[in-house]
Every structure is written in C-alpha cells, then in structure tokens.
Amino acid sequence: MAASMKGLDPVLKRYLRSNKLPDVYEALITGLAVMCPEDPHQFIIDNLKYLIEFGTDGLEWDLFVEEFMKPLNKVVSESNLEFIFNMDDESMLEGPIPKRILHLLQPTPEMYEKAYLHYNTKSMKVTFCSWMQYYLRKKRKRLDMEEKMTRATTFHSHRTLKLYLDEWIEWVKYRKGRQAMAYQKISHVLNVSIGRVIFEAWHSHTLDARRQREYFERLERGENMEDDDAFGQGTGEARDSISNLPRKVAIQIFRYVDVADLARCACVCRSWKVITQANSLWNRLDFHRVRNSILEGYARRLNKTCELSGPAGLKPLISCLVDHEVETLHRVTDKVVTKLLYKCRPYLIHLNMRGCMFISEPSFISISECSNLQDLNFSECTGLNDEHLKLVAKGCKILLYLNISHTLVTDASLRTIAKNCSNLQYLSMAHCKKFTDRGLLYLSAGKNSKKLDYIDLSGCLQITPDGFKNLSNGCTNLQTLLLNDFPTLSDDCLFPVAAKLTKISTLSLLGSPNLSDEAFKRIASNKNLKKIKIEGNQRISDASLKQIGQSCVNLEHIYIADCQRLTDLALKALAPCKHLAVANFADCVRVGEKGVRALVEGPCGPRLREFNLTNCICVNDMTMVHIHKRCHNLTYLSLCFCEHLSEAGIELIGQIHSLTSVDISGCNCGDQGLAALGNNSRRDVTLSECVNITDLGLQKFAQQCKNIERLDLSHCMQITDGAIKNLAFCCRMLNVLNLAGCKLVTDLSIQYLSGVCHYLVQLDVSGCLLITDKALKYLRKGCKKLSLLILLYCKGVTKNSAQKMMRHVDTVQYNNDEVPSYFGY
C-alpha cells in the first residue's frame, strides 16, 4: 500500500491520513479474513455504522475480530503498521529531511520481497524442525519397542529351548541306561556270532587251500585228472538268476550285449523279453559290433576250411568264401536297419554304422528320421554319398559327433554339414580323398564353425596350405586338431594354424617328416597347448623343444617318438612345464641320464604319471636314481631295451610304490631284480626277452604280486613248469599271459593254469614245442573265459584239436610251421 501511495497528491494523502481510511480498510479486511461472515456485505455495513456512531478514536486493526478469535501474542505491532502506511509522509517526521535521505528510508519492492521470503523461510524452518523432532521421537519409540520385542522373543525362545534341552538330556540318560543294559546282554551273543563267521571263513579257506595242494600233488605224481571234478561241476539247477534280479540291475547286465545278441535274448523267455524292451538299452545301436562278430565267425570257418581243404580244395574254399560273404551282407541289411531304427528312433542318441558298406538309401532315410541323434559314425561306409549325407544332416539337426572317415564324401557334403549341423562339435574326415580346399572353406563359413572343437584330417593329403588357411579363418574355437599320416604336410600348412587357431589344446602330427623347427616354434606360441604328439620327424631339434618349454607352460602330455636329433637339452628345456604328466621319448636314442635328471628335478617331477624311454640306450642306473627320488606319482614306466640298465637300477624301480605298469623288455634283469620288482603291487608287468630270469626269481615275484593281471614272459627261455606252478598258485587274477618262446613249458604248465586261473582271457604259447593236444583239453575245461589263444609254431598241437578249440574260444591263431630263427632256439 505504501508503494501504491507514492504517486498520490499530498493533499489526498493528508485527507486519507486524517480520516484514518487505511486503518478502517485494515480493520475491515482483517475482520473479513478472520471471522469469515456468511454475508460479507452486511458485515461491512454494520461495522461502518459502528464507526460512524463511536468514531475512529479507538480504531485498531483487530477491532472487528471477536475476542476468542484474537491471537494471544501479536506478531505485528501498531508501530510497524504505522510505519508501513505512513513512512513517506513528511508530516510524521521531525524536522526537515533531505529528499535523498527520505528516498532511501522508503522500502522498495525488492525489500518487501526479501522480507517476505525471509519470513516464509523462517516459518518453514520452524515447521520443519518441529516435524523432524516429532518424527525422530516416534522413530525412537518404535526402535525401542522393536528392541524390547526382540529381547522378549529371544528370551522366550531360549527359555523354550532350555526346557526342551532338559527333557532331551533326561531322555538321553534314560536311553543310554537302556542301551548299556542291552549291550551287556547282546555283547556275548555278538562275540559268539563274529567268532563263528571268522571260523567258518577260515575253515572254508583252509579246505580250499588243501584241495589245491592235493590237486598239485596229484599232478606231480602224474595221476589222471581228466575225469576228476577239479574243474567244478554244475549244480543241476535250472534257475534263471537274471530274471530274479532287480530290473535296473538286469538292464545294466544287458547293456554289454550287442544288437544281434539282444534280439536273441528277447527270444529266451517272457521276462527277458520285457527286460530287453527297456528304452535305455536302445538309445545306443552299434552295427559295427554285429559286423565284427559275423566276420570273426567267418574267419574261424575260413581257417577250418583252409586247414581241411589244402591246395586241392581251392574251388570249395572260394565257394565257401562267396557263400559266407553273401550271408554276411544279408545280416546288416536295409531291412534290419530300418526295422531297428523304427523301433528306437524316439530315444536313439548314439548310432555306429562303421564298416556297414552295403546299406543304401532306405537306411539313410530311417537315420534321418531319428531327430534326437547326437552321435553318428559313418566311418568306412562306402555306400555313403553326398545325397545320403544331405538327407541325414537335414533330419538330425542336433548332431554333436559325426565321423565320416574313410568315405567318398566331397565338398558338397561339407557344404551340407556347414548349413544344417549348427551344433556340431566333433568332425572326423580322416582319409577322405574326395573333398578339396573349397570344402574346408564351406565348413569354416558355416553355422557351426564357432562351435567346432575337434577335427581329424589325418591322411587327407589333397589339402593344400590354402585349405588350412580357410579352416583357420573360420574355426577359431578349435581345440583338437589331428593331422596324422600326413607325409606331405609342410610348414606353410601349419603357419595359419599357429597364427589364428590360438585355442588349440591338442595337436597330433604323427607321421609328418617334412615339418621343420620354424613350424614348431610358431606352434609353441600357443599358450593354451596341453597335448602335442610328434613321431618320425628327423628335422625337429632341441631348439623347437626349448621354445615349447618356454611358451607352453600348461603342457600336460608330450609324445615325441623316433625323433633322433633330440638330445638331453630337449628334456632340460621341458623342465619348466610344471603340469606335465605324460612324457614319451621312445626311440630318441640320444636322450640319456642328464636330460632325464633335468626333467624330473623340475616342477613336473612329482606330477609325472607316465614315462616312456623305450630304446633310449643312454639311460643307466643313475637315471633310475633320479626317477626314484622325484617321481612319487609315477604309474607307468617303459624302459624297453635300455642296455645299460643293470640289476641295481631295476631294484630302484621296485621301490617306486606308485608304479602299477612296468615294461623292462630286453633289459639285463635277473632273479634279484625281478624279486625286487615285486616288492609292491603291480597290475601289468612285461619281462619279454629277459633271458636271465629263472624259476627262482619268478617264484619270488609271484609270491609278492598276487594281484597281477597282465604278465608277459615271452622268450624267457629258462622258465619251466615249476615257475608256472608257483605263478598259477599265487596269481589267480591273471587275465593276460604271454609265454611265447618259453621252450621248456609243457602241458603240465597249462594244467596248472587251467586249474586255478579261471579269469584268463588271453594266452599266447607260440613256439612252445612241448605243448600238445592234451593242454587244449585242460583249457577247454578250466578257462571258460578265454577269448584269445595263440598257438603259432606249435608242432605238438594237431589241426583237429585247434579246430575243436575254435568252438570254445572266439579267436584262435594256429599254425604248425617251423619256428622262426629270431626265436633263438
């Protein structure tokens, strides 16, 4: 209002001031704002009449406000209002005031705005502080209540648990008392029962040992054992134990049966038929096993026919060959394949068609309908062509494993695979001669190029460096690459592989003689390499191995055979490979004691599991000292034909407790070394051509290695029946035994083995001239699990006996030729 009165005439100002019009307006407006009458117009008229009647002497700003509505504390005093409405009135000032000072004393709109904002801010601050104090007080009360409730809950739970614990302690005391009473009552019965079981087991073992001792004593006396019951007789029971087993167990048993035998089993009885219909038995079909069983039977018949016919029976022999070939072809036919695939296509996952050379389009159509197929093997299927593979690839979208090795597929097939098999991870094209570099270009540009982690290109000699470049550009996630049997492989082929396939962990280069150090140095730049195989390369030198040892710190398996330029420096360079577990340096004739010492004394020494030093003629007894000191986890050791290894070195081998498989063929091993070798349990021992071994050493060895499963005694010509007797009596778990060239072994040895070693699976008695038909009779009665019998150069065995043995043993190799000169007779 003061601002609005600045421009008025002074006379008007005095008039307004003398009649107190601003005060009247203020009182009326205040009354209207506070009282809020229902009829404002009448309220103004009544108050104006009041002023006319009583005058304006007692006029105040809250005159028209009822007493109960007036504030107790007045915020604005009358003097302030007087100053606001009259500060520009010169009559109110004492003495003359200059105009410039009077102008400065009058408040401006900005000052009003600032005062208003200050008042509002202070009011808001007071209000906010009051609200915050209220909120904090409520929050503090809430937290106090929560804390009290938490303490109350905890106290209640602890009190409850204490009550339960007291009851449980009382119950435990009661139960322990009852158990103590029960234990006192049954302890005597338990001790008596355990004693009875121990006594019965000891009694049974004693009777068994007595029967065996009497059996060997009668053998030594020369008594006739043919009609005795030493080999065991049937109980006469015709009970089907498989049908009585739980279904899951029975199904696991039938998993070891191939497709043809599974079909025969379904015809035995109703319960077997129900078992053979289990879906889990048909998620894997292996037609290769069926074909092998047919060919093995065919080979046995062919051998018999050859022996019976002779030169004069050539025409019947050819006729037999043709007839059986036709019979073989009709066993794995389209009709059989389609029928089986129709039965099991919903749950078929693995399918092996290896060697099924005469299947045609109906079979491939049936295979394409197996949409859940993940593992498919077409190796050696000559009937496979591009159209057939296209059918299969379009139908089997989720293939993970595909083997088309030894087939006639072309670039079109690789284009089909790249287009349709988007999930393929494993691809084998070994010895496929028809595809070219363009096929690898298709493969690297396909949907599955980034998922492929295994490729086998062994024997694909038509591939050029451009093909390897195409492969490297697309299949960048490749982890396993096999390039075996590749005599034309050059450095230019491996340069793109080493540059772009940086994720390769396994690389096999067996039979690649043209690769030089430059190629191997570039391969060594791959820090992810874990397994490398090289064989028959005479250009590789220690420099390559040095680069591999420096760069490939994660190397776990190294196979370098027949690389004769390598020296001890190569093994020394591999010492930093702390993860190395398998090391094979066979036929590296310049490797010796210094290199082995440097290798095993490195970080990889305690981690080595397999070590092959075959034909490393510089290896000596000191080498064994280093291996014995450092290689505490070694399980396989081969030292074939290490001429400088003596009995002392072999004794150190016997002190390596972790060894389970040892090969010391052609070493200077005698009875003392063999006895030391048996100090620890061995599973597989090869002693071929250890001519100094006698019966005494073998007897000590057999008494210590009772759990041995594979033993090779070939060409140990001092071994006699006495040694075989001790071997049979002590080592009853023998699976494989080689007695080839043991010229002093007779039928009595075979009788010992057949009477005790009932788990024998393979037996080789080639060149044992004292073996006769009587030995085969013992084998038929005692060794029921025998599957391979080798009877080469056995003049004492007749053809009729060998043919009769073929009906009981899957594979029998027999001839009665003269013993070769290398047998040393």
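Modeller: Helices here are DSSP runs of H or I with at least four residues, strands are E runs of at least two, and both are numbered from the N terminus. The model is predicted.

Colleague: In which loop is Phe641 found?
Modeller: Phe641 is not a glycine, yet its phi is positive, about 60°. The residue is found in the loop between β13 (636-638) and α25 (647-654).

Colleague: Is Phe641 buried, exposed or partly exposed?
Modeller: Buried needs under 20% relative accessible area and exposed needs over 50%. Phe641 has 34% relative accessibility, so the residue counts as partly exposed.

Colleague: Which loop holds His406?
Modeller: His406 has a positive phi of about 60° and is not a glycine. His406 is found in the loop between β4 (401-403) and α16 (411-420).

Colleague: How are the ring planes of Tyr50 and Phe54 classed: stacked, edge-to-face or tilted?
Modeller: Rings pair if their centres lie within 6.5 Å, and by this rule the count comes to 12 aromatic pairs. For Tyr50 and Phe54 the centres are 4.6 Å apart and the planes are at 45°. Stacked needs under 30 degrees and edge-to-face over 60. The pair is therefore tilted.

Colleague: Where do Tyr50 and Phe54 sit relative to each other along their helix?
Modeller: Both belong to helix α3 (residues 40-54). They are 4 residues apart, so the separation is about one helical turn.

Colleague: Which class of exposure does Phe54 fall in?
Modeller: Tyr50 has a relative accessible area of 36% and is partly exposed. Phe54 has 52%, and the limit is over 50%. Phe54 is therefore exposed.

Colleague: What is the distance between the ring centres of Tyr822 and Phe823?
Modeller: This pair is tilted, because its planes are at 45°. The centres are apart by 5.1 Å.

Colleague: Which residues form one aromatic cluster with Tyr822 and Phe823?
Modeller: Tyr822 and Phe823 belong to one aromatic cluster.

Colleague: Over which ring does the charged end of Lys343 sit?
Modeller: For a charge to sit over a ring, NZ of Lys must be within 6 Å of the ring centre and within 35 degrees of the ring normal. Lys343 is 5.2 Å from the ring centre. The ring is that of Trp282.

Terms used. Residues are numbered from 1 along each chain as its sequence is written. This is a predicted model: local features need pLDDT of at least 70, side-chain atom pairs count only at pLDDT 80 or more; totals for chains, interfaces and linings use all residues. Side-chain values use heavy atoms; hydrogens and water are left out. Buried means under 20% relative accessible area, exposed over 50%, partly exposed in between (1.4 Å probe, protein chains only). Rings of Phe, Tyr and Trp (its six-membered ring) pair if their centres lie within 6.5 Å; planes under 30 degrees apart count as stacked, over 60 as edge-to-face and the rest as tilted.
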